[in-house]
Amino acid sequence: MTALGTHNLWRPYTQMKTAAPPLEAVATRGSRITLADGRELIDGIASWWTAVHGYNHPHIAAAMADQLARMPHVMFGGLTHAPAERLGQRLAALLPGELNHVFFTDSGSVAVEVALKMAVQLWLNRGETGRTRVLAFRGGYHGDTMGAMSACDPEEGMHRRFGAYLPTQLFADLPRGPEQEAALDALLARHRHELAAVIVETLVQGAGGMLTHPPEVLATVARLARRHGLPLIADEIFTGFARTGSLFACEQAGVVPDILCLSKALTGGTMSLAATVATTEIFSAFWSDDPSAALMHGPTFMANPLACAAANASLDLFETEPRLDQAAAIAARLRDGLAPLARLAGVREVRVLGAIGAVQFTVTPDLADLKRRFVARGVWVRPFGDIVYLTPALTIASGDLDRLIEAVAAVVTETAGG
């Protein structure tokens, strides 16, 4: 057993006493990770869904090298710079409706924190007090910081042990049918005067288990939020930038949220950057001669020029390379390759939406054993809970995608085929 004092690095979501030593990565290229021992793994999850263009894309690398040489960072308080100005304009032009006002942060969790603060302060600026809660959905995950944790599933989510520490929010089931729609409508009616907003992951509840819902469900959530006069916060940290088959998932439902959160693939997986984008109506509540009406948030590395340069280069690639076509091709291959696994006795369901494929077991397997078996097959796949999933780079080579699907099919069949 490794001595306690030798653990200088505290790793994410890991029981440090019992976990196997992590694998050391020394290089990346395309959809592959090279290990210190010389092995090469095909990455099936794009580094937690971020590396949509694959690793080391030369266009992003060149843009970052240029920005690094000129100005890697400058504070955003009282100063501005071209990479942030350009990125804000481009995001506003790409997003639907009047999502025109971009607040940059440095992680998805903080993007959600800012969205929640926007919603609460919106009502304070309008002279209404007591609206300090949000309605969120069971199965959801919105991040690991305090406010974001409070909007995660309180029973099944990873943050349930923090219940007594967190603000108390309201939770409902996603309205997948008339009964759930009626229940949500009634809940919003009862609590509308204490609610600041409704928050939802668009089309896929990622860390909740890759739980998908059709666009009609998202449209229902938006309609009910509007009926009760509540801003809708769309968490597209995972689903944004073509992962679900459209550039932004909300587009598939014809929904324009009042506030939208982006991160992960924003820089093509090269640097940490996030954005909370609000409509003009939301922004207008902060437009005032009163200094206290300003949004009171300001991360030190907000709008980091190097990260903004990477994000601008990533947007270039969405404009010049066929990412949506690639997502559609991945979706078709995932459906063909994973669908037969639904017939296995130990598989509950197979789900595919865009460039996301998930296999859910009937019983939670030995995750550490599954991870070892995937590595032995030359792929980097990280199952969690009761699912194995694939979210590869949109640029993945067809042969690499086939190897990923074959590895998942083999390991799932060995585990759930009895």
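Reply: Happy to! A word to start with: contact means heavy atoms within 4.5 Å. This is a predicted model, in which local features need pLDDT of at least 70 and side-chain atom pairs count only at pLDDT 80 or more, while totals for chains, interfaces and linings use all residues. Residues are numbered from 1 along each chain as its sequence is written, and side-chain values use heavy atoms, with hydrogens and water left out.

Let's take strand E7, residues 195–201. Helices (H or I, at least four residues) and strands (E, at least two) are DSSP runs, numbered from the N terminus. Seven of the seven residues of E7 are buried, where buried means under 20% relative accessible area, exposed over 50%, and partly exposed in between (1.4 Å probe, protein chains only).

Now for its partners; two strands pair if DSSP finds at least two bridges between them. Strand E5 (residues 133–137) runs parallel to E7, joined by three bridges, and Arg133 has Leu195 of E7 as its bridge partner.

On to the helices. In H9 (residues 305–320), 14 of the 16 residues are buried, so this helix is largely enclosed by the rest of the structure. From first C-alpha to last, H9 reaches 22 Å, close to the 22 Å expected at 1.5 Å a residue, the expected span being 1.5 Å times one less than the number of residues.

Finally, Asp400 sits in helix H12, residues 398–416. Asp400 counts as buried because its relative accessibility is 10%. Apart from neighbours within four places in sequence, Asp400 is in contact with Ser31, Arg32 and Ile42.
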